[in-house]
Amino acid sequence: MKEHKHKNVFKQGAIPSEFIGESIAKHQTKTSIGAHNIFLGQVRADVIDGKTITAIEYTAYEDMANAKFHDIRETAFEKFNLTCMHIYHSLGTVKAGEICLFVFVSSPRRKEVFKALEYIVERIKADVPVFGKEIFEDDTHQWKVNN
Amino acid sequence: MNITIKYFGQIAEVTKQTNETISFPNHLVSELIEHLYVKYPELKNKSFKIAQNQELVSNSTKLTGGDIALLPPFAGG
């Protein structure tokens, strides 16, 4: 079945900085790499009508989202000269200031990773069915919309 | 035929459930949406895309019996 063949990009809760650090360390053995580029999405404490966002609660159509992440990955490998690529996205509650998206691309040369990272992040924002409930300090909420 | 419909985010707030299976003739996506508008009038005020078998489809797509999903605006990242 289609929904089982894709890697699971989702992690429950915020992405810890230790995890990000360990991901970088793991690449020290891959010595053909000359350039890494990393995008970290962080939950912003926006103030709307005087109320501050304290967290985002993420949900997703997980099977479709993992299929989309797979497609983004395949297309990025075709378009850019990449050695490797890793994408992690949070599900569940991520507090303001915590990391909800981690994209990590590596290549022999720097120009490829700048282009690839922007391409991947923009496609994630536009094409992947992830939904974000923005929770305010008074427990009311609104729904996040990417633009 | 039976169709499973999945609801997400603010759409699930309107339908008060995350999925349901209904019996529906194998017509067009637009006809299913009309049916859902009658069942959940508040859906008319919501913006959403429709996926069938995890692929986005238009109103004029024929229903195949595959899973339908109502997807509110994406908010990844």
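**Loops, helices and cores in a predicted model**

Q: What is phi of Asp139(A)?
A: Most residues other than glycine have a negative phi. Asp139(A) has a positive one, with a value near 70°.

Q: Is Asp139(A) buried or exposed?
A: To count as exposed, a residue needs over 50% relative accessible area. Asp139(A) has 66% relative accessibility, so we call it exposed.

Q: Which loop of chain B holds Lys16(B), a residue with positive phi that is not a glycine?
A: Phi of Lys16(B) is about 60°. At 70% relative accessibility, Lys16(B) counts as exposed. Its place is the loop between α1 (9–15) and β2 (19–23) of chain B.

Q: How do α2(A) and α3(A) run relative to each other?
A: Their packing angle is about 155°, and their axes are 10 Å apart. Angles over 145 degrees count as roughly antiparallel. So α2(A) and α3(A) are roughly antiparallel.

Q: What is the make-up by class of the contact of α2(A) with α3(A)?
A: From α2(A) come residues including Phe69(A), Ile72(A) and Lys79(A), and they meet α3(A) residues, among them Tyr119(A), Arg123(A) and Asp127(A). Sorted by class, the contact has six nonpolar, one polar and five charged residues.

Q: Which element supplies the largest share of the largest nonpolar core?
A: That core has 30 residues, and Tyr58(A), Phe69(A) and Ile120(A) are among those touching the most other members. β4 (51–60), α2 (62–79), β5 (84–95), β6 (99–107) and α3 (110–127) of chain A each supply at least two residues. The largest share is seven residues, and it comes from α3(A).

Q: How many residues are in the second, separate core?
A: Look for Tyr7(B), Ala12(B), Leu36(B) and Leu63(B), which are included in this core. Its residue count is 20.

Q: Which residues of chain B are in contact with Lys125(A)?
A: Lys125(A) lies in helix α3 of chain A, and at 24% relative accessibility it counts as partly exposed. Setting aside neighbours within four places in sequence, its contacts in chain A are Lys144(A) and Asn146(A). From chain B, the contacts are Phe74(B), Gly76(B) and Gly77(B).

Q: How far apart in space are Lys125(A) and Asn147(A), C-alpha to C-alpha?
A: In sequence, Lys125(A) and Asn147(A) are 22 residues apart. In space, the C-alpha to C-alpha distance is 8.1 Å.

Methods: Residues are numbered from 1 along each chain as its sequence is written. Chains are lettered from A and ligands numbered from 1 in the order in which they are written. This is a predicted model: local features need pLDDT of at least 70, side-chain atom pairs count only at pLDDT 80 or more; totals for chains, interfaces and linings use all residues. Side-chain values use heavy atoms; hydrogens and water are left out. A nonpolar core is a set of buried Ala, Val, Leu, Ile, Met, Phe, Trp, Tyr and Cys residues joined through side-chain atoms within 4.5 Å. Buried means under 20% relative accessible area, exposed over 50%, partly exposed in between (1.4 Å probe, protein chains only). Helices (H or I, at least four residues) and strands (E, at least two) are DSSP runs, numbered from the N terminus. Axes are lines fitted to C-alpha atoms, for helices over the stretch in contact, and angles run from 0 to 180 degrees between N-to-C directions. Angles under 35 degrees count as roughly parallel, over 145 as roughly antiparallel, 65 to 115 as roughly perpendicular and the rest as oblique. Contact means heavy atoms within 4.5 Å. Ala, Val, Leu, Ile, Met, Phe, Trp, Tyr, Cys and Pro count as nonpolar, Asp, Glu, Lys and Arg as charged, and the others, Gly among them, as polar.
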